[in-house]
Amino acid sequence: MQIECGLQRGTFAFCAWRSSKVYSSDMQSTIETTLKQDIHSAIQACFETTIDDLVLQPTKKEFEGTYTFVTFALTKALRRAPQQIGQQIGEYLVGNSSLVSGFNVVQGFLNLSLKSSAWLQVLQDIVADSSFGNQPANGQSVMVEFSSPNTNKPLHLGHLRNNCLGDSVARILKANGYEVVKTCLVNDRGIHICKSMLAYQKLGQGETPESSGLKGDHLAGKYYVEFDKEYKRQIAALVAEGMTEDAAAKQAPWILEAQDLLIKWENGDEETVTLWKKMNGWVYEGFQQTYDKMGISFDKTYYESNTYLLGKDIIEEGLKKGVFYQKEDQSVWIDLTEEGLDHKLVLRGNGTSVYITQDLGTTELKYGDYHNDRYMWVVGNEQDYHFNVLFAILKRLGRPYAQECFHLSYGMVDLPSGKMKSREGTVVDADDLILQMAQTAENRTRELGKIEDFAGDEARKLYHMLALGALKYFLLKVDPKKRMLFNPEESIDFQGHTGPFIQYTHARLCSILRKAESNGVVAAVPAEGFAVHSTEAEVVFYLSQYPARIQSASDEFSPALISLYAFELAKLYNQFYAELSIFADPDPQAVQFRVALSAAVAKTIRHAMGLLGIDVPEKM
RNA sequence: GGUUUCGUAGCUCAAUUGGAUAGAGCACCUGACUACGGAUCAGGAGGUUUGGGGUUCGAAUCCCUACGAGACCA
């Protein structure tokens, strides 16, 4: 008899990559595997049956035990009460399992406690595993495209979320065995770029980053705002003369001039292209400074100015294949009603591209360059529809990579006043925010006065590390899919559920390890005959969950899972730290064990924070 | 108008994907040993999971509906 009690993963309509994932059991610790085998034996022995996929969950804190086996699902097939099933299995395990020391049954929940020897073995395995947290190469490669800024304005908080997510997901995939190519597609041409160019031509008077002291991207952004101001004035003036709002928006002198500039650029007009190059150069330099500060880099940068003409040949191909159809005005469309989408324009009647045309071409280009097995785009959820359309078209065209594309759609960062709008000046600037965070870190550190022995340069590095820790953690601890709120009035915290909390725990751990070294204590896990305290067992158990957590984070593309893990681990360790003395314990085995445990926690915290792109200090 | 996402403590977020008495942090109140770092720890208070129906052993989670918020498509 077979009983179904496994969990089925949800499926995602547009992503074979994701929907094909099944929770694998290969990431569980060896102790978990053994325990499951023992439960299987118990079920076999008690009820003469087997079950397919047996699920263990961590026991809730308010109950005694570490692992919980839920028996509700078995009641129908066994025709017994859930308590009775739990009781029988529990009794069998205590008598026959080498791991189980005790159990209790609450309704349909069988809570199991493990022997000290089991925990010693688990920690021993973790300590011995030099690649703990890293999987061997799985032979799959994935391209992660993220950041993708516009060169008409500086980066803001929304970009920071994007950057942190893309960077962290890339690290997580890598730890899970993927070969990762990080790419960035710079949106460096188009009407919005021409707007700042025009305003600069009109008002710039030769201003440069050097002459103004402004960072290049901020300088360009300033003229983008100037354009908008003047444009609005012109519209208002036309409306005052009796024109409708719509007509005025189309006929204001500056918008006409900007459009003219765009045509000149497309025709390669020398003066225009020179200005474009000059201003974009400033912006790239500014962006690079911000990326450097954040510790973010790319393996390959694509520029839209090189790719915006791509894709037209694919339209041609699609027409021949009958995937697209042409209207009388020569515009090209695709009917995606079967996929639950609309009719979608893929090429304008005058032969010019729309976004989707370019994306078709760029995706083809990326595939040609790298032949990755999988492609990910880290882009805000405002473009959900766009990506659904893009992937649907790729499938219709029969592209080999169509099934392997995934849009990592993340929620917007909102302000208390609502959405950030750069033209209305309601943005939180990335550079400002990083600077402000560093200042907070400095103030806080000075107050506490713990690093008086640091040289000036060393201290500055620490402030920066803490600032980025706080900022990145703030952005990564929330489920990527959900929108999140940032309140500039309440600056990002350094206490509680924060990056610095975890960084602090690491610093304190390092302090312990330094002391162990100076005391001549060697970290060691006793083989037998040492009673592991329940708080210690909790820490060991949590450590053992780490590989499975990385696997989930990789499957779900969610750094938030790693963030929460690091926080919980730090919190558990702090409890242990407050509860038990490490060096004052009379039992030398206890001292060695606790130092070994501390070393393992330090290593794991460092690794987990590393997956978030956050550095941890040895002192703070 | 059509499509779609969301609504959990005063605030910001969790909840092992349908499991136990819905958990953390912030803010608020009360405590912490000359043992290792108090950016810490222990405790208290705080909830009709937006309202209303339904599905079943069991719902914040799935279905229907009303209200509210966001996004996208012309």
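Author: A salt bridge is a side-chain nitrogen of Lys or Arg within 4 Å of a carboxyl oxygen of Asp or Glu. This is a predicted model, in which local features need pLDDT of at least 70, side-chain atom pairs count only at pLDDT 80 or more, and totals for chains, interfaces and linings use all residues. Residues are numbered from 1 along each chain as its sequence is written, and side-chain values use heavy atoms, with hydrogens and water left out.

Reader: How many salt bridges does a search of the whole structure find?

Author: Side chains of opposite charge can pair when their charged atoms come close. Here the search finds 26 salt bridges. In one of them, E145 pairs with K366, their closest N and O atoms being 2.7 Å apart. Because E145 lies in strand β7 and K366 in helix α15, the pair ties together parts that are 221 residues apart in sequence.

Reader: Which residues touch the most other members of the largest nonpolar core?

Author: In soluble globular proteins, nonpolar side chains tend to be buried together. A nonpolar core is a set of buried Ala, Val, Leu, Ile, Met, Phe, Trp, Tyr and Cys residues joined through side-chain atoms within 4.5 Å. In the largest core, of 132 residues, F69 and I89 touch the most other members. Its largest share, 13 residues, comes from helix α23.

Notes:
Chains are lettered from A and ligands numbered from 1 in the order in which they are written. Buried means under 20% relative accessible area, exposed over 50%, partly exposed in between (1.4 Å probe, protein chains only). Helices (H or I, at least four residues) and strands (E, at least two) are DSSP runs, numbered from the N terminus.
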